[in-house]
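Here's a quick briefing to read alongside the sequence and the model. Have both open and follow along.

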Amino acid sequence: MPIRYELGSLMEFMLYEGSIAFIAAVKDVFGIDLSSNDEPILEGTVHHGVYTGPGDPLSSHTLDPNDDSRVLMQVDSTGAIAILDEPYDTTNPSFDGICLDSLEQQYSFVKSVALAQIDLQACPEFCQDFNRLSDQVGFTFVENAGKGECFCWYDNGKLPTSLSELTEQIRESSGTGPVNSGDDTSGTSTYFCYINKNYQSRSAIVTYSDVWKGKTPKPTAIFATPIRLDIAPNGDEELEFPFKKDGSQSDTWNDNIYFALTKSINLNGVLAVTNFGESRKSYTGSSSLPSFSFLTIDTLRRYGASFLSGVVAYNGLMRNSEGIDEFDVEKGGDAFIFNYSTRSYDIDKLPTVLAFPNWFSIKDEHYPQDTVDITFAISEISATGFQIKHGPSSRDSYLGFNFAVIGPDMPKENIKHGIITQCTRFHGTIYPKYGISVEPTDFAECTPNGSLSYWVFIQNTETDPDQLGVKVVFDSKFADIPSVIATPYIPGNTWDLLGIPRCVVESITKSSAVVKCGQIIESADIATTYEPIPFTFVAVGNKFVPAGV
């Protein structure tokens, strides 16, 4: 009778690379082929899950210790906001003239009485006498006819409540966020803007360590997308503006910003989240954060052109070996440009590209300080490469990106993907989809009232900007809710770099997901607007196997 050798128990303890080497060695030495023709799709290359804000797993496969694709999340201590002993350096002005924000708006201010004893050195002392110092963005000292005037600049709506007897005037204005420039570009100014180095433009950073079988410290691409409120379908929620929160949508698009945080350029990063909007003034713990989908990809070169991943640092250098071999990278203006080194795709079968911001904090105190520091969108996907644009940060930027390229020949049992333009002004351009279809198909069904408008006001109006979003239907259902990742995609040069592209997931089931992606354009002169935008979509999960099969 035939003799059967069972070596699975030994290989169970090997990393994927080790098991491949072991199989090759046995075949070479003994002529025995231990490989299997029914190897599970994605095994060893993709790890995924859906989690609560505190990192508790919601996907059933993450509770199975024998599932190699599961990821366990551990919430780390929050990243501290550096508080410096001296918030101001009067020997080094930041800008010429009055301090302005990224929209060239003047800030709210407290102004001193015009007295001779107020000089440049006394100005920061005057400004630090007030409360809400963390909301003070900077100061400007003006000398006029031998008398000094000191302007203490504050974030919009954050003027101090304790005033000094030397206070002459307070005034509200629209400036918000970190100082971006001064109002004098002639280079002849006699007064200057000094930035408060202790200004807290964000909340503390919450980070998550992902733990999975076979993980190594090498740079690996990770991705995440927040899930708003309920994960199961909720008809009322799915009508709402995607950033509505606690009955209000003021500034909430600047909250719950997810990104990768990398402390060493040669090691992998961790998932991080912070707030730059109104929520930054409240305590931010993991319990107050939304649920989210998580995905980590290291393709191990197993699928050729069908599946590629990479990590590119802020200086444009690829940090993973596959990325070095497969991509040529250029930096130009506010963009990373990726060209395929060894291959190209059919123009009718373009791949799906994922992207995720990765901030390289080479200094402990150097974190992103504003949404614009890590704002991004894919701007081009072609047969020969793709492009990622990012916000025009005025600070020294340490922004890089994680990315993945999923080709048309990738098996669709566990991974379904595509580029989605429905319900946007790009709906006439149809991209290939793999294992998914999209509802609605008629643009008139994209808004509750059938409006053909591509954008809506979200300020200066009493009407909530209801948006239905896009329902992505899977061609075959998963065993449980999959991890759903969406990346903003604004083709060509149509992204207003002052806009903030965001994607959120409204609901996930085993058979479908509802996603809303849009660009929020903040303006000092007209109402802030929201425009639905295209996005790239990936759902990853364990395939459904009927009982008895």
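A disulfide here is a pair of cysteine sulfur atoms within 2.5 Å, and by that rule the count comes to four disulfides. Keep in mind that this is a predicted model, where local features need pLDDT of at least 70, side-chain atom pairs count only at pLDDT 80 or more, and totals for chains, interfaces and linings use all residues. Residues are numbered from 1 along each chain as its sequence is written, and side-chain values use heavy atoms, with hydrogens and water left out.

**Confidence**

- pLDDT is the predictor's confidence in each residue, from 0 to 100; the protein chain averages 82, and 80% of the residues score at least 70.
- Helices (H or I, at least four residues) and strands (E, at least two) are DSSP runs, numbered from the N terminus.
- Among the elements of the protein chain, strand β28 (residues 483-488) has the highest mean pLDDT, at 97, while helix α1 (residues 8-11) has the lowest, at 52.
- Watch out for residues 460-464, where the pLDDT is below 50. Beyond near neighbours in sequence, that stretch has three contacts in the model, a contact being heavy atoms within 4.5 Å.

**Disulfides**

- Cys-503 and Cys-517 are joined with an S to S distance of 1.9 Å. The torsion about their S-S bond is about 115°, so this disulfide is right-handed.
- Cys-503 sits in strand β29 (residues 499-508) and Cys-517 in strand β30 (residues 512-521), so the link ties together parts that are 14 residues apart in sequence.
- Buried means under 20% relative accessible area, exposed over 50%, and partly exposed in between (1.4 Å probe, protein chains only); Cys-503 and Cys-517 are both buried.
- Another disulfide joins Cys-99 to Cys-193, S to S 2.0 Å, and it is right-handed, with 105° about the S-S bond.
- That pair links distant parts of the chain, with Cys-99 in strand β4 (residues 99-100) and Cys-193 in strand β10 (residues 192-195), 94 residues apart.
- Cys-99 is buried at a relative accessible area of 0%, and Cys-193 is buried at 0% relative accessibility.
- Cys-127 pairs with Cys-152 at 2.1 Å, S to S, and this link is left-handed, with -90° about the S-S bond.
- Cys-127 belongs to helix α3 (residues 122-127) and Cys-152 to strand β7 (residues 147-154), so the bond connects parts that are 25 residues apart in sequence.
- Cys-127 counts as buried at 0% relative accessibility, and Cys-152 counts as buried at 0% as well.

- Six of the six residues of strand β1 (residues 46-51) are buried, so the strand is largely enclosed by the rest of the structure.
- In a regular strand the side chains alternate between the two faces of the sheet.
- Both faces of β1 are covered, with Val-46, His-48 and Val-50 buried on one side and His-47, Gly-49 and Tyr-51 buried on the other.
- Two strands pair if DSSP finds at least two bridges between them; six bridges join β1 to strand β15 (residues 291-297), and the two run antiparallel.
- His-47 has Thr-296 as its bridge partner in β15.
- His-48, also a β1 residue, counts as buried at 4% relative accessibility.
- Leaving aside neighbours within four places in sequence, His-48 has contacts that include His-61, Arg-70, Phe-294, Ser-483 and Asn-542.
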